[in-house]
Number of protein chains: 2
Amino acid sequence: MAPSHDTVLLAHGGGGRLSQQLIEELLLPAFAPADGVLHDAALLNSPGQTLAFTTDSFVVKPLFFPGGDIGRLAVFGSVNDLAMTGARPVALSLGMILEEGLAMSLLERVVHSIRAAADACGVAVITGDTKVVERGKGDGIFINTSAIGVVEHALKIHPSAVQPGDAVLVSGDLGRHGVAILAAREELGFRSTLESDLAPLHTTVNELISSGVEVHCLRDLTRGGLASASDEIARSAGCQIELEEAAIPLHSSVNGACDLLGLDPLSMANEGRMLVICPEVHAAKALEQLRHHNPAACKVGTVHSTTTSEQQQPVLLRNTLGVLRPCDVSRGELLPRIC
Amino acid sequence: MAPSHDTVLLAHGGGGRLSQQLIEELLLPAFAPADGVLHDAALLNSPGQTLAFTTDSFVVKPLFFPGGDIGRLAVFGSVNDLAMTGARPVALSLGMILEEGLAMSLLERVVHSIRAAADACGVAVITGDTKVVERGKGDGIFINTSAIGVVEHALKIHPSAVQPGDAVLVSGDLGRHGVAILAAREELGFRSTLESDLAPLHTTVNELISSGVEVHCLRDLTRGGLASASDEIARSAGCQIELEEAAIPLHSSVNGACDLLGLDPLSMANEGRMLVICPEVHAAKALEQLRHHNPAACKVGTVHSTTTSEQQQPVLLRNTLGVLRPCDVSRGELLPRIC
């Protein structure tokens, strides 16, 4: 059934007839519950003993970019947050805040993209909500996805499990998502053929754990990139992370774009890359697993114990001459609305 | 620790140092996890066999209104969506989309209000996310709360459980939230001392079930009010709902405001009122329970079986002369951003 209106009206969020129409014409066909009846909350059988719960809002600009769109991003983003605890995704919620005047055809494309991405992850959107704000009080579509997962392993995957001597790995080359988004913003006058690395990571994580790697910590390298993730983990774990600058895999287009725009590739956002911290003796096995999905996966650093004074510099970069310098965490202002 | 900036900057959403500061100075003190360490997803022990899952975004304007604010609304709103399945709230997520330039003091007030509301419901905010959009691309604060609850009863509370002959009850007088919001919008030039009915309903629902009332369906009367909720349930259940116009409890100020503005009080939003559908023989017991919380709770109608042609008019209103007319579901355009 084609939606009855060409654009989103304020009344589509008012809870009356037009809200019902939007649900019946667009959302139910995409995400229909088994019985076709909507209720205030969805019920599900508890999938296991330990659950994971996460939420993420997406305000990416533009809504469609090389390698993805806000819908895929919203699904894979929350699936990946679950995956960072080793959890298998079970149920998704979908909250949309639409701007009055949004083209209905664009909303349809995003909704179908959400459905396809959820199908690809084997997870269902089981509850949702849609609001509409006046023209100029939003920006097309903002999406929130929250997700429930189930933890089916016995590992403690957490910053506090990180140990001195652990190896620090990345699951592929870094910075593609950030560069793809910046290139898609026409006002920057900068072009690239690079696509976002946007991808779900739960299968990779599952294979890593199933292969017997004693994973200590996982972190997807989204906003703030490798620099922020390393900083947060080192500070949480009370350790120091030393990164080998030359080992960090970067596509030449990412390096080129960062040079051009004066950005740090280590702070660039990814949406399908993660940090893996595991015992050094498990690093080779972990890399073998990671390389089934991405041949650029590699070891980029090591965890050290610290003295109190050294904790002022939680992350160090070692350059090719062996010189160490603190890794800079950006203030964050250069890359708004990257996800 | 007072936040280091007076207003929200784009960089507070960039994933770098300022994002960390916002979390450490404002969000962790309000919602600190037991170990003080944030991870991509929160873990929880499964609270039971059947879970309820819901999501809701809040774009209410203004952010503070008589009887509440967007923070309380976001917590009670999701708690109430869970309660409509009879579920006890267990965990909340908090997704915030902030507009650049928002006063940090206002954000602090909202965050503290969220914490106080969650405490009042015995539920914890266990995972969250914050994004920032440019000035003029949002409107102060939009909030998404998603919630996990546990179902600890054996009833089927669902539109499909509604039976001809069932009684239709409301838990209190209707329309206060809608009128309070409209009065708070100064541009309407209309004043009222009425406060929103905003309140959590899970305790009332729990008492109703514990008292032995065979609850068939619950629905909180938010956007679209009694008119929309009755329409949706009647259509889902394949029944007709007949409402007694004179029985519907309305405060004189709600009637007055609706007369003045040309609005239908039955379409006005509530945030602390629900529809209860149960067997007629349980209606007296249900009302006794409901009146512990609100003496205005009463029976407003009855469920009838329908022929196919009658399903074109899922809700009928009977006036004091006994004349029946179809109940009108608004298109929804009159009351944008009520929640």
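Which strands of chain B does helix H6 (residues 225-237) of chain B lie across? Helix H6(B) lies across E8, E9, strand E10 (240-244), E11 and strand E13 (315-318) of chain B, and runs at about 150° to E10(B). Welcome to this predicted model, in which local features need pLDDT of at least 70, side-chain atom pairs count only at pLDDT 80 or more, and totals for chains, interfaces and linings use all residues. Residues are numbered from 1 along each chain as its sequence is written, while chains are lettered from A and ligands numbered from 1 in the order in which they are written.

- Helices (H or I, at least four residues) and strands (E, at least two) are DSSP runs, numbered from the N terminus.
- Angles run from 0 to 180 degrees between N-to-C directions, with axes fitted as lines to C-alpha atoms, for helices over the stretch in contact.

**The seven-stranded sheet of chain B**

- Chain B has an open sheet of seven strands in the order E9-E11-E8-E12-E10-E13-E14, with mixed pairing (two strands pair if DSSP finds at least two bridges between them).
- Strands E9 (217-220) and E14 (324-326) of chain B stand at the edges with a single partner strand each, so one side of each has no neighbour in the sheet.
- On average, neighbouring strands of this sheet are turned by 25° against each other, direction ignored.
- Within chain B, strand E8 (residues 167-170) pairs with strand E11 (residues 274-278) in the antiparallel sense over four bridges.
- Val168(B) has Ile277(B) as its bridge partner in E11(B).

**The seven-stranded sheet of chain A**

- In chain A, an open sheet of seven strands has the order E9-E11-E8-E12-E10-E13-E14, and its pairing is mixed.
- The twist of this sheet averages 25° from one strand to the next.
- Strand E10 (residues 239-244) and strand E13 (residues 315-318) of chain A run parallel and are joined by four bridges.
- Glu244(A) has Arg318(A) as its bridge partner in E13(A).

**A buried strand in chain A**

- Strand E7 (residues 141-151) of chain A is largely enclosed by the rest of the structure, because ten of its eleven residues are buried (20 or more other C-beta atoms within 10 Å of their own, C-beta atoms being placed from the backbone; 12 or fewer would be exposed, and in between partly exposed).
- Strand E2 (residues 50-58) of chain A runs antiparallel to E7(A), with nine bridges joining them.
- Eleven bridges join E7(A) to strand E5 (residues 87-99) of chain A, again in an antiparallel run.
- Pro89(A) stands opposite Gly149(A) in E7(A).

**Two helices of chain A**

- Helix H1 (residues 17-31) and helix H3 (residues 104-121) of chain A have axes that come within 10 Å and cross at roughly 15°.

**Where the chains meet**

- Contact here takes in 78 residues of chain B and 79 residues of chain A (two residues are in contact if their C-beta atoms, placed from the backbone, lie within 7 Å).
- Strand E2 (residues 50-58) of chain B gives the most to the side of chain B that touches chain A, with eight residues.
- E2(B) pairs with strand E1 (residues 42-45) of chain A in the antiparallel sense over four bridges.
- Leu44(A) stands opposite Leu51(B) in E2(B).
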